[in-house]
Structure formats: C-alpha cells, structure tokens
Amino acid sequence: MTRRLKRLLVAGAAGFIGSNFVRHLRRTHPDVEITVLDKLTYAGNLANLAELDGQPGYRFVHGDICDEKLVDSLAAETDAIVNFAAETHVDRSLMDPFAFVETDVRGTAVLCEAARKHGHEVFLLISTDEVYGDVRTGRSTETDPLKPRSPYSASKAGGEHIAQAYAESFGLPLLVTRGSNNYGPHQYPEKLIPVLITNAIDDRPLPLYNDGSAVRDYVFVEDHCRAIDQVLHEAPVGNVYNIGTGVETSGLQVAEAVLAIMGKPKSLIEFVADRPGHDYRYALDISRITALGWETQVELGEGLERTVRWYVDHPDWWRPLKSGEYWEYYRRNYRPLVT
Ligand code: NAD
Ligand code: TYD
C-alpha cells in the first residue's frame, strides 16, 4: 500500500533525528507540505533546518506540544502528525524527571487528542528501543512487554500507552516506531558518539561509564529516517516497528573505533562512575521492518567515518553548544570511577 499524505505536522524537528527526517522527506516526497512545531529547548536548533528556510511547502512554528490551543489549530490545517518532540537524554532524566513526563507523556496526549478531533489519517509516534528495558538475553520483539527502567524510557513508554489508549478507545490511526541508538550529523553533543568525537577533537578525555561494556545497536540516522518514511507511507495502521541494525556494539568498541578513525591514542579513554540504573544491553528483533523491504545501508564503520568528518568540518555548529549550561550539566553528570 502507499499512503498519499498532503499536509504533515512534524513535531520536534529542530532536533537531531527530526531535522534529518524533514530533509530526507523533502527529497523523497517534495509535494508533501511540512509544518514543523518545535519548542527550541536546549536540544532544538534552528540551524538544523536552515537549508529549508523560505522553501515553498515548508514552515516553522515555534511552540510547545503541550500547548493545546496551538496544537489544535495546527492539527486543523494538517492531515497527519509525526511526533519526534521529546526530552531525550537518559542522564538528564535522572536530574529532572518531571520535564520528561510533561513533554513525553502529556505532550503526546495533546497531539493524540488533536489528531483524533481533526480526523487525521495517521499518527506516527517516534519511540525508542529503551521502552523494553535492559535485555540481558535474546532480542526484543514488538509484542514483548514494556519494562522501562529510566525516567526517560518510562516517559516514552507512557507516551506509547496513551497513544495506544487513543487507538483502542477512539480509533486513532496509530503507528509506532521503536528505534535503536541513532548517530550522525546534527546530534547534540551529550549522547555517547558526539561526546566521544567532540572531546577527541579537543584531546579531552572520552568518558565511558563503568568499564564501557554496555551494549547498544547503533543505527546511522539516515537509515533510521528511511525506515520512518517507509512506515509513514506504507505500513498498515495499528502496527509497531522496531528499527535497528541487529548488530551489537559496546561503548568501548565505539570509542576505540572513533579514536582509530581520528588517529588519536586509546589513552584518551577515561572510565567514569556508572550511570545509575544503567541498562546494560538493548537488542532488537528487526524482522518486521525488514519484511517491509527496509535494510541497513550504512554500517557502523562507514557511519562513524562520515560522522567524524561532519563534526570535524562543522565546529561552528557544535562549539557554541559546548558552553555555559552544557559544562554545568557535564560536571554534574560525570564522576570519577571508584574501584
Ligand atoms: P533531540 O533531543 O535532538 O530533539 C528533540 C527535539 O524536540 C528538540 O528540537 C526540542 O526542541 C524538541 N522539543 C522538546 N520538548 C518539546 C516540546 N514540549 N514541544 C515541542 N518541541 C519540543 O532528540 P532526537 O535524538 O532527535 O530524538 C527524536 C525522537 O526520537 C525522540 O522522541 C526520541 O525519544 C526518539 N528516539 C531517539 C533516539 C536517539 O538515539 N537519539 C533513538 C530512538 C528514538
Ligand atoms: P547514550 O548515547 O546516552 O544513549 P542511551 O540512551 O542508549 O543510554 O549512551 C549510549 C551508551 O553509552 C550507554 O550504554 C551509556 C554509554 N555512555 C558512556 O559510556 N559515556 C557517555 O558519556 C555517554 C553519554 C553514554
């Protein structure tokens, strides 16, 4: 099936994945009118969308997904919503959980209500593999129970549950994607890979929690965006899709690969105190998304090289972010490893 969408409301697209997705969609579906709604939190950045400024069929609205009146008026002018808007960083969720509950749960409910009221064709909620919780063995399938363990993942699971309740109770045409760890251009330098790269550029220590052995599935952001595009246009409503590569990589392996690409010594790696409640492993069964015809195109080695090159070439993008509040957060977050 192919869904022909005309007017799309994309929430949270001034951030990392949303901005990559909007640029991707301009290429694959240039006829779709796009309204971006974003609060421009510390993680939102208009520079991420600068190349779209002034393009016909694109507009940016500065606002909060929790603002019922604003969301209602934008939903009245559109046919579908893709929601990227969220507080997204686990370590920050341990410092300020309420902001996560507000945006990731209540904000999602506000969007669902507006989509229901205006009879939208589809509501796509961008969720995360973290809702499955720590997966010590096997791989998570879409029907597994959700067992989130951090305020971030619990808030994302809360958003999923409210959206699911709208689907069950009011027939909201819901799609959910559960992506694994994204990396690539325009990622705010608080997540692992941009922390490693930008610190290595400046010969600062590369902090790894505990012994760096926690495992993630790192997916290049463009691959994730292609999958989201495919789900949005082709998937039957009512479905959930895991999106990842199926490859497991430890933090230490990522750090060593980044240092090798950059020609920097391994002695830059610094083991620091573990994240409280650190999920040791996420691993996805990706058979459902591959059955739609999607597959990984950019393997980790190539993706890391492209990402390193982008950060090396764009200090004007990330250097201003690593100042003031960022270093306050950084000092609060990273503590010495006590052995
Ligand atoms: P990000 O932190 O880079 O961007 C989040 C965006 O949402 C920012 O532009 C921010 O200004 C905006 N925002 C926050 N609160 C808002 C509010 N109340 N109203 C309107 N806008 C608001 O995040 P990201 O890494 O691009 O993640 C995007 C989505 O994908 C999130 O829903 C996240 O949970 C999900 N996800 C992320 C990853 C990952 O590895 N980064 C993996 C899987 C799923
Ligand atoms: P992160 O990028 O925060 O994503 P997640 O939401 O999956 O936790 O972290 C990825 C992995 O890297 C996770 O196991 C925690 C670890 N990590 C570090 O070791 N050092 C760091 O500075 C950060 C940010 C993460």
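This is a predicted model: local features need pLDDT of at least 70, side-chain atom pairs count only at pLDDT 80 or more; totals for chains, interfaces and linings use all residues.
Me: How many residues surround ligand 1, and which are the closest?
Reply: Count a residue if one of its heavy atoms lies within 4 Å of the ligand. That gives a shell of 28 residues around ligand 1. The closest are Ile17, Asp38, Thr88, Tyr152 and Lys156.

Me: Which element gives the largest share of the shell around ligand 1?
Reply: Helix H1 (16-28), strand E5 (122-128), helix H5 (151-170) and strand E7 (181-183) each supply at least two residues. The largest share is three residues. The element that supplies them is E5.

Me: How do the residues around ligand 1 divide by class?
Reply: Sort the shell into nonpolar, polar and charged residues. Four are charged. The rest of the tally is eleven nonpolar and 13 polar.

Me: What share of the accessible area of ligand 1 does the protein cover?
Reply: Start with polar contacts. A backbone N or O atom of Ile17 is 2.7 Å from an oxygen atom of ligand 1, and the side chain of Thr103 places an N or O atom 3.0 Å from a ligand nitrogen. A polar backbone atom of Ile126 lies 3.5 Å from a ligand oxygen. On its own, ligand 1 has 840 Å² of accessible area, and the protein covers 97%.

Me: Which residues come nearest to ligand 2?
Reply: The shell around ligand 2 holds 17 residues. By class, nine are nonpolar, three polar and five charged. Nearest are Glu130, Arg216, Arg275, His278 and Tyr334.

Me: Which strand gives the largest share of the shell around ligand 2?
Reply: Look for the element with the largest share of this shell. That share is three residues. They come from residues 206-209, strand E8.

Me: Are H6 and H10 parallel or oblique, and is their crossing left-handed or right-handed?
Reply: The axes of helix H6 (residues 192-201) and helix H10 (residues 300-313) come within 10 Å and cross at roughly 55°. That angle makes H6 oblique to H10. Their crossing is right-handed.

Me: How does H8 pass H10, in a left-handed or a right-handed crossing?
Reply: Helix H8 spans residues 251-262, and its axis is 10 Å from that of H10. The packing angle is about 55°. H8 and H10 are therefore oblique to each other. The crossing is right-handed.

Technical notes:
Residues are numbered from 1 along each chain as its sequence is written. Chains are lettered from A and ligands numbered from 1 in the order in which they are written. Side-chain values use heavy atoms; hydrogens and water are left out. A polar contact is a pair of N or O atoms within 3.5 Å; within protein, one must be able to donate a hydrogen and the other to accept it, and residues adjacent in sequence count only if both atoms are side-chain atoms. Accessible areas come from the Shrake-Rupley method with a 1.4 Å probe; for residues, only the protein chains shown count as cover. Helices (H or I, at least four residues) and strands (E, at least two) are DSSP runs, numbered from the N terminus. Ala, Val, Leu, Ile, Met, Phe, Trp, Tyr, Cys and Pro count as nonpolar, Asp, Glu, Lys and Arg as charged, and the others, Gly among them, as polar. Axes are lines fitted to C-alpha atoms, for helices over the stretch in contact, and angles run from 0 to 180 degrees between N-to-C directions. Angles under 35 degrees count as roughly parallel, over 145 as roughly antiparallel, 65 to 115 as roughly perpendicular and the rest as oblique. A crossing is left-handed if the near helix is turned anticlockwise from the far one by less than a right angle, and right-handed if clockwise.
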